[in-house]
Amino acid sequence: MRRSFLIFTTTFLTALMLGSHAIPDKGEEVSVPSGEWTGRWWAGIARAEYDFSANPGGGWSAPNRAQGLRLTADGAVARVSPRNEGQAPWILKLGLRSLGRERSMTAVAPGTIRAEGNRVEQRRDSLGLTEWYANLRSGIEQGFTIDRRPDADSEGSPLVLDLFFE
């Protein structure tokens, strides 16, 4: 829906800008008005290129044009792959296997997934944990927000996030 809105907005604003000037004679230069609003407009379009959109089969997907990557997430695992189909095929799967203290690990089940803008979150309420990915021009960032201390009985041991990638 965002992409169709973006295409509509781009088409509308282009027609508005072109229609507001007389058609020049051949050989005459056409200038597009510049100003603060056009800078904000282009910046908004550039940011929207990294936003997530819903996949028809479930989950979320976003291109990363600057890095030539695509990130998809479905609540259990995140996948990073080449953005263009013409590139050599490969997929890097990332995820969280378990969480806890050294002697008291809890397996992590798939979570509830949601996306807003260039960020997708996999929420696991039973563990008080959110695994998130931010799709940035500079790359894809993975992070974790932990709402509460896991297993307070083992406070002397460090917190462990058992990640996997394949």
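This is a predicted model: local features need pLDDT of at least 70, side-chain atom pairs count only at pLDDT 80 or more; totals for chains, interfaces and linings use all residues.
Arg 119 has its bridge partner in β9: Ala 134. Strand β8 covers residues 119–124, and strand β9 covers residues 129–136. The two run antiparallel and are joined by six bridges.

Now widen the view to the sheet. Strands of a sheet pair through backbone hydrogen bonds, either parallel or antiparallel. Here the pairing is antiparallel, and four strands line up in the order β7-β8-β9-β10. The sheet is open. Its edges are β7 (112–116) and β10 (139–146). Each of these has a single partner strand, so one side of each is left without a neighbour in the sheet. From one strand to the next, the twist averages 20°.

The largest nonpolar core has ten residues. Among them are Phe 52, Ala 62, Leu 94, Val 120 and Tyr 133. Leu 69, Leu 71 and Ala 73 also belong to this core, as do Ala 78 and Val 80. Two strands, β3 (69–73) and β4 (78–82), each supply at least two residues of the core. The largest share, three residues, comes from β3.

Which residues is Ala 73 in contact with, leaving aside its neighbours within four places in sequence? They are Gly 59, Trp 60, Ala 78, Ile 113, Val 120 and Gln 122. Of these, Ala 78 and Val 120 are listed in the ten-residue core along with Ala 73.

Terms used. Residues are numbered from 1 along each chain as its sequence is written. Side-chain values use heavy atoms; hydrogens and water are left out. A nonpolar core is a set of buried Ala, Val, Leu, Ile, Met, Phe, Trp, Tyr and Cys residues joined through side-chain atoms within 4.5 Å. Buried means under 20% relative accessible area, exposed over 50%, partly exposed in between (1.4 Å probe, protein chains only). Contact means heavy atoms within 4.5 Å. Two strands pair if DSSP finds at least two bridges between them. Axes are lines fitted to C-alpha atoms, for helices over the stretch in contact, and angles run from 0 to 180 degrees between N-to-C directions.
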